[in-house]
Amino acid sequence: MKAFKGRGLQWQAAVNSRDANDDRLLELAAESGCFMLSIGFESVSKSTLRNVHKCQNNPDDYAALVEKLHKYGIMVLGLFIYGFEGDEPSVFEETLKFNIDVKFDMCGYSLLTPYPGTINWFEMMRRKQIVSFDWDKYDQSHIVFKPNGLSSDQLYDGYLKTYDGFYTASSMMKRFPWDGSRNRLNWTIYNAFFRKGGVVTRDKSLLVAPPTPEPEFVAVPPIIPQKAAWRELVMNATGGQMEGMIEPEVLES
């Protein structure tokens with residue numbers, strides 16, 4: 001970022017919420033031409049974030065973080081996911097209202113994808129939730145599992161309604177940077193793109209992945225988890241496929 005200063009560059013990046021709170025980094029980012037940061041906030045529910053092991057995110061801090069980034073002239077693209085264990089039909093309206101009230105510049109909504117080999121994958125496999133094993137559908141835009149607390153129809157409808165609701169004319173008027181703290185042209189271009197729906201799959205027959213047979217072999221992570229509960233989960237799921245997995249002690253040595 002120091003090398004970028006004075007070169008007239010404009011850039012954007014993806015960061016986590018912890019780094020986005022670092023004033024030293026934000027000052028350098030603003031001075032070097034950063035106009036937008038994408039941050040995976042994931043959910044507005046504390047219990048949901050705990051369930052999916054996202055302990056670095058705290059919904060109580062989201063509003064202050066967005067306000068801080070705006071003071072540096074940086075737009076915020078907030079990324080949220082639907083379909084977590086514990087999500088209920090109310091999650092869509094709660095998330096939408098929160099996103100508008102906090103004045104996120106843009107929001108991207110996606111569908112939970114249990115990537116093979118992750119803890120989320122093993123937990124869903126244990127609960128027999130995985131429906132499709134078509135890896136082409138594992139892209140955060142398709143429903144490949146049976147949601148718990150929501151039907152597939154509710155997840156599909158809520159996902160689209162949140163997108164449409166966030167980019168209504170009234171929402172955009174409320175969130176527009178009237179104070180000039182952020183680049184208004186960039187803001188308008190990005191919101192117009194999302195409003196047009198260029199990133200959303202709307203055909204339900206395409207969005208809900210059809211069932212496929214379970215593969216013969218279980219996805220195996222390259223490293224055995226250190227946390228006891230996760231370690232047991234992986235061991236039980238993979239059975240005799242443990243050959244080649246790396247023990248944490250080997251990495252430490």
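**A cavity, a pocket and some salt bridges**

Hi everyone, let me start inside the protein: the lining of the largest cavity divides into five nonpolar, two polar and two charged residues.

A word on the source before I go on. This is a predicted model, where local features need pLDDT of at least 70 and side-chain atom pairs count only at pLDDT 80 or more, while totals for chains, interfaces and linings use all residues. Residues are numbered from 1 along each chain as its sequence is written, and side-chain values use heavy atoms, with hydrogens and water left out.

Back to the cavity. By cavity I mean, on a 1 Å grid over the protein atoms alone, a set of points where a 1.4 Å probe fits but cannot get out; a pocket is an open set with protein on both sides within 12 Å along at least five of seven lines, and lining residues have an atom within 4 Å of a point. Grid points are joined across faces, edges and corners, and a volume is the space filled by probe spheres set on the points. The structure holds one cavity of 30 Å³ or more, and the volume of the largest cavity is about 40 Å³. Around it you will find Glu42, Ser43, Val44, Phe80, Ile81, Tyr82, Asp87, Val91 and Thr95. Strand S3 (75-82) and H4 are the elements that give two or more residues to this lining, and S3 provides the largest share, three residues. Helices here (H or I, at least four residues) and strands (E, at least two) are DSSP runs, numbered from the N terminus.

Now zoom out for a moment. The protein has eleven helices and four strands, and its C-alpha atoms fill a box of roughly 60 × 50 × 30 Å along the principal axes. Of the 253 residues, 43% are buried, where buried means under 20% relative accessible area, exposed over 50%, and partly exposed in between (1.4 Å probe, protein chains only). Among contacts with a separation of 6 or more, 68% are between residues 24 or more positions apart; contact means heavy atoms within 4.5 Å.

Next, the second largest pocket. How much space lies in it? About 210 Å³. The pocket is lined by 14 residues, and His70, Lys103, Asp179, Ser181 and Arg182 lie nearest its centre. Helix H3 (62-71) and helix H7 (169-175) are the elements giving two or more residues to that lining, with the largest share, four residues, coming from H3. The lining has five nonpolar, two polar and seven charged residues.

A salt bridge here is a side-chain nitrogen of Lys or Arg within 4 Å of a carboxyl oxygen of Asp or Glu. Aspartate 179 counts as exposed at 61% relative accessibility, whereas arginine 182, at 7%, counts as buried.

A search of the whole structure finds ten salt bridges. Side chains of opposite charge can pair when their charged atoms come close. One I like is lysine 5 with glutamate 31, whose closest N and O atoms are 3.0 Å apart. That pair links distant parts of the chain, from the segment before strand S1 (11-15) to helix H1 (residues 23-31), 26 residues apart. Lysine 5 is partly exposed at 40%, and glutamate 31 is partly exposed at 40%.

Another joins aspartate 101 and lysine 174, at 3.2 Å between the closest N and O atoms. Here helix H4 (residues 91-102) is linked to helix H7 across 73 residues. Aspartate 101 is partly exposed, with a relative accessible area of 37%.

Let me return to H1. Its buried residues are Leu26, Leu28 and Ala29. They lie on the same side of H1, because they cover an arc of only 165° around the axis, the arc being that of the directions from the helix axis to the C-beta atoms. What covers them includes S1, strand S2 (34-42) and H3.

Last stop, proline 116, in the loop between strand S4 (106-111) and helix H5 (119-126). Leaving aside residues up to four places away in sequence, proline 116 touches Trp121, Trp135, Tyr138 and Ala219. Thanks, and I'm happy to chat!

Conventions
Ala, Val, Leu, Ile, Met, Phe, Trp, Tyr, Cys and Pro count as nonpolar, Asp, Glu, Lys and Arg as charged, and the others, Gly among them, as polar.
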